[in-house]
Protein chains: 6
Amino acid sequence: MPMINVKITKEGATNEQKKQVMAEMTEVLARVLGKNPATTIVIIDEVETENWAIGGEPVNELRKRVS
Amino acid sequence: MPMINVKITKEGATNEQKKQVMAEMTEVLARVLGKNPATTIVIIDEVETENWAIGGEPVNELRKRVS
Amino acid sequence: MPMINVKITKEGATNEQKKQVMAEMTEVLARVLGKNPATTIVIIDEVETENWAIGGEPVNELRKRVS
Amino acid sequence: MPMINVKITKEGATNEQKKQVMAEMTEVLARVLGKNPATTIVIIDEVETENWAIGGEPVNELRKRVS
Amino acid sequence: MPMINVKITKEGATNEQKKQVMAEMTEVLARVLGKNPATTIVIIDEVETENWAIGGEPVNELRKRVS
Amino acid sequence: MPMINVKITKEGATNEQKKQVMAEMTEVLARVLGKNPATTIVIIDEVETENWAIGGEPVNELRKRVS
C-alpha cells in the first residue's frame, strides 16, 4: 500500500536499472517497516535537465559548465 | 482551490475518458465537501509502464507475463 | 494500481465525508478507465490554511477578509 | 535542501523563462527563510493541456472556447 | 540531487526505522544509478489512516474489519 | 492555475515568512510566465526533521551533530 515516488533527471537510466531500483525500494519497505510488497507502488519521474535546478542553476547548464 | 492529482500508467486513456475523470472528480469535491469547482484543479500524470512498479515488478513486464 | 492525491485545506472535513470522497473517486477510475479498484490508492492531504495561498494570499487571511 | 515543485501547463515556456523562475524561487527561500540555495532543488512539471482541468474542464478545450 | 518521497500510513514507524529506510534508499540510488548521495533528499509522509484508502475503503476501517 | 508546492523542514518558519514566500512565488510566475495570479495556488509542506534526510542522514540528527 505504500507509495514511493523517485524523481531523477532524465539522463539515460536504463530499464534494467530502473527495475532494480523499484525492486530494491519495495524490499526495503517490506523488510524494515513490514509493508506488504504486493500492494507497494513505485513511480519514477524522469525530469528533463532543463526543468530541474539545483543551486538555482538548471542541470543542463550545470552539466556543460562542469564537463 | 483543491488540487487533485491522478497518477495512472500510460496505456491508452483517451482525451474523452480523461475529460470525464476530471469533470467527475471535480464534481465529487463540490458535492461532498462543498469545494468551489471553479478553482478546483485536476492534473493527470500518465506514467510510462517501465517507470511504475507494483509488487516490485515493472508494469511493462507484468503486462507481458500475465497476457 | 492508480494513485489519487487530493489536497484540500484543513477546514473540518469529517471522516464520513472523506470516506465518501475516496470511495467515489476510486469508483470513477474503475468505471471510466477500467482501473482495478482493489489496488487503487487515495490519499487526502489536509493542509493548514496558513500554508495554502491562492491569488498570493494565505487562506487563513482570505477567510477573515471575506467573512 | 528545500524542494520546490512547480506545475504548469505545457504551453511554450522557454528554457530562459524556466531558468529565471527556478533561480528566483531559489532566491526567495534563501532570502526569506534563510534556506541554503546550494542544496535547494526546483523541479518544473509541464503538463499537457488535455491532462489539466480547471473548473472541471480540460485546458485544451478551455483555450479553444475562450480564444 | 534526486528526490525520494515515501508515503506510508501513520501506524507507529519509529525514528530508527525511518532513519534506516532513508539511508538505504539513498544508497540504492547511489549504487544502482550513480547518484550523488550527498545531495539526495528523502522525505517520508506519514498519513493518518482515515485519509488513506485502498480498494475505496479507508485504512482505519479496514484495520478494524480485518483485525 | 499553476500549482507550486514548497517542501521545507518544520523548523520555525513564521506565518509572516510563509505568507511572503507564497506571495513572491505567485508574483514570479505572473511576471516571468504570464500566469494568472488569481488562480495560482501555493502549498507549503512543513516536514518533521526526523522524516527528512539529506545525504542519507535524518535532519534531526544532522542538526545535533553540526551544532
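User: How many residues of chain C are in contact with chain F, and how many of chain F with chain C?
Analyst: In this predicted model, 12 residues of chain C are in contact (heavy atoms within 4.5 Å) with 16 residues of chain F. Local features here need pLDDT of at least 70 and side-chain atom pairs count only at pLDDT 80 or more, while totals for chains, interfaces and linings use all residues. Residues are numbered from 1 along each chain as its sequence is written, chains are lettered from A and ligands numbered from 1 in the order in which they are written, and side-chain values use heavy atoms, leaving out hydrogens and water.

User: What area do chain C and chain F bury between them?
Analyst: About 1100 Å² is buried between chain C and chain F, 54% of it on carbon and sulfur atoms, where buried area is the accessible area (1.4 Å probe) that two parts lose on being put together, summed over both. C:Asn51, C:Ala53 and C:Gly56 supply 38% of the area that chain C buries against chain F, more than any other three residues.

User: Which side chains meet in a salt bridge there?
Analyst: The rule finds 1 salt bridge across the interface of chain C and chain F, a salt bridge being a side-chain nitrogen of Lys or Arg within 4 Å of a carboxyl oxygen of Asp or Glu. The side chains that meet are those of C:Glu61 and F:Lys19, at 2.9 Å from N to O. On the side of chain C that touches chain F, β3 (52-54) and α2 (59-66) of chain C each supply at least two residues, and β3(C) gives the most, with 3 residues. Helices (H or I, at least four residues) and strands (E, at least two) are DSSP runs, numbered from the N terminus.

User: And what about chain E and chain A, how much do they bury?
Analyst: Chain E and chain A bury about 2400 Å² between them, with 72% of it on carbon and sulfur atoms. In chain E, the residues that lose the most area to chain A are E:Met1, E:Val32 and E:Leu33, together 24% of what that side buries. The count between chain E and chain A is 2 salt bridges, and one of the salt bridges joins the side chains of E:Glu24 and A:Arg31 (2.7 Å, N to O). α1(E) gives the most to the side of chain E that touches chain A, with 10 residues.

User: Switching to β2 of chain C: which strands does β2(C) pair with?
Analyst: Strand β1 (residues 3-9) of chain C runs parallel to β2(C), joined by 7 bridges, and C:Ile44 in β2(C) is the bridge partner of C:Val6. β2(C) also pairs in the antiparallel sense with strand β3 (residues 52-54) of chain E over 3 bridges, with C:Val42 opposite E:Ala53; pairing requires at least two bridges found by DSSP between two strands.

User: Are the residues of β2(C) buried or exposed?
Analyst: Strand β2 (residues 41-47) of chain C is mostly covered, with 7 of its 7 residues buried, that is, under 20% relative accessible area (1.4 Å probe, protein chains only). C:Ile41, C:Ile43, C:Asp45 and C:Val47 point one way, and C:Val42, C:Ile44 and C:Glu46 the other.

User: What does the side chain of C:Asp45 make a polar contact with?
Analyst: C:Asp45, buried at a relative accessible area of 18%, makes a side-chain polar contact with the side chain of C:Lys7 at 2.9 Å. A polar contact is a pair of N or O atoms within 3.5 Å; within protein, one must be able to donate a hydrogen and the other to accept it, and residues adjacent in sequence count only if both atoms are side-chain atoms. Not counting residues up to four places away in sequence, C:Asp45 touches C:Asn5, C:Val6, C:Lys7, C:Ile8 and E:Lys7.

Key: Buried < 20%, exposed > 50% of the residue type's maximum accessible area, 1.4 Å probe, protein only.
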